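Keep the viewer open as you read.

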Amino acid sequence: MVEQQYFYVDKTAFIKEWWENGDTVTLITRPRRFGKTLAMHMLYDFFSVDFAGRGRLFQGMDIWKEEMYRQLQGTYPVLFLSFAGIKGRDYQTVRKKICQLLTNMYLDHDFLLDSGILREEEAACFKKMLGEMDDADASVSLGQLCRYLYKYFGKKVIVLLDEYDTPMQEAYVNGYWRELTEFLRGIFHAAFKANPYLERGVMTGITRISKESVFSELNNLAVVTTTSRKYETAFGFTEEEVGKALDEFGLSKQREEVKRWYDGFRFGDCESIYNPWSITQYLDEQVFAAYWANTSSNKLVGTLIRKGSKEVKMTVEDLLHGNSFCTKVDEQIVFDELNENPNAIWSLLLASGYLKITGFEVEDPSMGREGLLYRLALTNLEIVLIFQKLIKGWFEGCSSAYHDFIKALLLHDIRRMNAYMNEVALTTISFFDSGSAPSKKTEPERFYHGFVLGLMVDLRGRYAITSNRESGFGRYDMLLMPLHDTDDGILFEFKVFDAQDGEVTLEDTAAAAVRQVLEKGYAADFCGVRTMDRVRVYGFAFRGKEVCIRGGYYEECLRGGGDSGVGFCAY
C-alpha cells in the first residue's frame, strides 16, 4: 500500500500505544473487516527482523516521529500466523488445517536447522514438526519454535495470532466445539502462558471466548473489547478521518448519507466509528450499497436468529422497525449458552458489530458496571439491509411459493393461501428447528415466528407488523397494521393441533384460533384506524408439517360466514 501510494489512513499510532501499555498478551476484539489483519501486518512489518532496514515504509507516519521507535523498527523475531482460513464441517478437517499451519511456520524457519545453534535432540524435534503432528506435538509447537528463535537471535519473540476465533465459530455451528477448544487450549497455553521466550503476544478476533473455554490459565491476558477505552480509534475510521477522505475524493456533499449508511459503531468512549471496509468500497465505487454483507459469512448470526426462541425473533422484529431494547451484556462469549441464554446472543451480535450501544440504564447501582443494562439498536442502514437479506435467505428453498403466498394474502385468496403455505411449511419447518430431537410442537412454533420476520421484510413499507403484543383481553400472535388507506388490516393467530382440546380436524384448530381472536378482542388495536369491515382475521393451524388456514373479514367471522367456519355469533 505504501510503495504503490494507495489511499491509506495512518493508524501507526496503534504501535506506540500498544508497546507502551506493556501488556504481555493482548486480545483485541473488533467486528470483521475492521482492519484487524492489516494492523497485525503493520505490527509484523514494524517489529520483525525480516523488515530490518526498511523503515522507509513508515516514513512520514505518526510512529516515525520519535527516535525511540525509529531505533526499535526491525529488531525482534516475530511469528505471525492467521486462523482466517481454518474452517471446516468436522473436527478432523480443522485440526489438520491447524497442524499444517504450524508445520508451515517451521518450514518458514528451516534455516535454523543449518544454523548450528540446535542440539541434536532439538533438531530431531524440529524435523518431527515437519511431519504429521499428534496433539502433544501441536500443543508445544509454537512454544518450542520461540525457544529456537531466541537461541538464534538472542531476543525473545513477538507472537501475532490473527482471527483466533474463526475455527471456534465454525466448531459451534457444525457441532464439534468441545473437541476443538480442548485442542486449542493446549496450543494457547504453551504459546502465551508457559513460554519464557515470549516477549509479547497479540491475538485478534471478533469475539471474546470465555476464559473457561480456552484461556483458563492465561492470567496474563489483557482483553480489549469494543467497550474498552484502549485502542478505541485504532480500528475503523473516525468521523474526522472519513470527512478528510470524502473531501479528498470530492464527495463532501455525501457526508450525511455516508453517516446514515456506515456510521454507528462505538468503541470505548468514541461514539462515531465508521465501517472502514464499507467506506473504502464506497470511495471506490461511489455508490451506496451494503458492501459489508458481501464479505465474510453471516452463517453464525443467521443460525442464531433463525433457531432462536420467539422472544429472540420478536426482538429482531422490533429492531428492524427502528426500535431499541435493554439487556444485560456479557462480553465473555460462552458458545455453549447461545441456545439457552438470549443475553449471550445479544452480546455476540454487539461484539460482531450488528448492534450498537445507544445508552445505559442502571438496574442495580451497588453492582457498578455489572449492574448496567445496555440499550441496543441495529448499527446503521447497512446492517438493516444485511438482516433483511439474512431473513429472506431463510425461504430460498421455497421462494416462489413464499412470494405466491404473499400475493394470495393481499388478494384475500384463502384457497391459494392454504396451498402455498403448505408448500412453504413442508420445505422450511425443520430448517427452523434447533433441537436434536425436534418435537411436533416445537417445529411449528419456530417456523411461524421465523415466518413473521420473513413477512415483515417483504411487506415493510406497506404494513407495520408486530407480534405477541397485548390487545383486548390477551396477546395476539401477529398483526399487520396498514400504512396506506387502500389496504385492509390483518390479524393472524397461530395454533398447534391438540386433540385434548376437543379438536378432531386441523380445520377445527384453525376455527378455534379465529374464535380466540374474536372472543378476546385482539382486533382492538384497529379501533380508530380501520372499521371492522376493513379488518381480516386468519387462524393458522399446525400439525407437524401440515398447515390449515381459515378466516375472513372480521364481521363475517362474527356471523360465522366467509371461510371462517367458526359458527360464532355476535357478542
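In helix α7, the residues Thr166, Pro167, Met168, Gln169, Glu170, Ala171 and Tyr172 are buried, where buried means under 20% relative accessible area, exposed over 50% and partly exposed in between (1.4 Å probe, protein chains only). That leaves α7, which runs over residues 166-174, mostly covered, with 7 of its 9 residues buried. Helices (H or I, at least four residues) and strands (E, at least two) are DSSP runs, numbered from the N terminus.

Before going further, a word on the source: this is a predicted model, in which local features need pLDDT of at least 70 and side-chain atom pairs count only at pLDDT 80 or more, while totals for chains, interfaces and linings use all residues. Residues are numbered from 1 along each chain as its sequence is written, and side-chain values use heavy atoms, leaving out hydrogens and water.

Now look at the start of the chain. Methionine 1 sits in the segment before α1 (13-21), and its relative accessible area of 44% makes this residue partly exposed.

Zooming out, the chain has 21 helices and 18 strands, and its C-alpha trace spans about 95 × 55 × 50 Å along the principal axes. Of its 571 residues, 53% count as buried. Among contacts (heavy atoms within 4.5 Å) with a separation of 6 or more, 70% come from residues 24 or more positions apart.
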